[in-house]
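Reader: I am new to this structure. Please take one part of it, a sheet and the helices beside it, and go through that part closely.

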Amino acid sequence: MADPALFEFLHTEMVAELWAQDPDPGPGGQKTSLLVLEGMGFRVGQALGERLPRETLTFREELDILKFLCKDLWVAVFHKQMDSLRTNHQVQAPLRLPGTLLCPQGTYVLQDNSFPLLVRMASGLQYLEEAPKFLAFTCGLLRGTLSTLGVKSLVTASVAALPACKFQVVIQKL
Amino acid sequence: MAVCVAVIAKENYPLYIRSIPTENELKFHYMVHTSLDVVDEKISAMGKALVDQRELYLGLLYPTEDYKVYGYVTNSKVKFVMVVDSSNTALRDNEIRSMFRKLHNSYTDVMCNPFYNPGDRIQSRWTKRMLRVLASSGHS
């Protein structure tokens, strides 16, 4: 079935279209395009967050939600599971008032060793500067799904060597 | 026969509320509003209980002398509340569950509509679909 290819083509076209508009690729224009891509991913993530967990029972804790992202969401969109999920909780103590508890800020690192949207580009260190464009939509996707499931978060992506990439999810405790 | 259907957002404001006998709507709005407390109670009870009771369907929320109120909560904390006429005792649990499932499917479709902004009131052709669901539930 050609389903994965359709999304990949659409995504490539989206990125190409947004970058073709920019005659002078200064930092300002690039940022808007990245924001636009992330915004689109966010809306799609919100819809997926509603549709995918339909028959599953309610999530009991944050880790369940993250596991759902790694397994069900990734399989639905990219037809493969996320390769690794690591937690990286940092304990933050902003103001040391007597009687306050240290609130751990949940940080999760999701690693994908062969991200489908990057696999076609190159293998290794070539085109490392071009990689962030192709990750913005997916960051928005993760953020949107998390927001429907009730978790406010900040998602950033980093690439060390194509096609492996890491998504860092920082849960913001209100 | 279901007389009122309401979809309530995560922040407890109504996204869609519709009742069949269009006079006396305020009474149903009030009933849905009071049932939200019961829903919250059930959700928090579910979180604390160590039993594997993580179902989406909440069941009968509370009965009054004329009506029975049923609840259902989704994974995104959107609540569906249905008010059913008490005189129709032939409506079984399964039928209520299937009505909620249809509601959930329609709500998911609305969410996937790119022209719909999450958090807005639902105004699309959903209203006709919902009225059809309500009317069809009368055949029991």
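**The sheet in chain A and its helices**

Author: Helix 5 (residues 131–148) of chain A lies across strand 5 and strand 6 of chain A, and runs at about 150° to strand 5 of chain A. Helices (H or I, at least four residues) and strands (E, at least two) are DSSP runs, numbered from the N terminus. Angles run from 0 to 180 degrees between N-to-C directions, with axes as lines fitted to C-alpha atoms, for helices over the stretch in contact. The model is predicted, with local features needing pLDDT of at least 70 and side-chain atom pairs pLDDT 80 or more, while totals for chains, interfaces and linings use all residues. Residues are numbered from 1 along each chain as its sequence is written, and chains are lettered from A in the order in which they are written.

The sheet is open, with 4 strands in the order 1-4-6-5 (chain A) and antiparallel pairing; two strands pair if DSSP finds at least two bridges between them. Strand 1 (84–87) and strand 5 (153–161) of chain A are the edges, and each has a single partner strand, so one side of each has no neighbour in the sheet. From one strand to the next, the twist averages 20°.

Strand 1 and strand 4 (residues 107–112) of chain A are paired in the antiparallel sense over 4 bridges. A:L85 has A:L110 in strand 4 of chain A as its bridge partner. Helix 3 (residues 62–78) of chain A packs on the sheet and touches strand 1, strand 4 and strand 6 (164–171) of chain A, where contact means heavy atoms within 4.5 Å. The direction of helix 3 makes about 15° with that of strand 4 of chain A.

Conventions: Heavy atoms only, no water.
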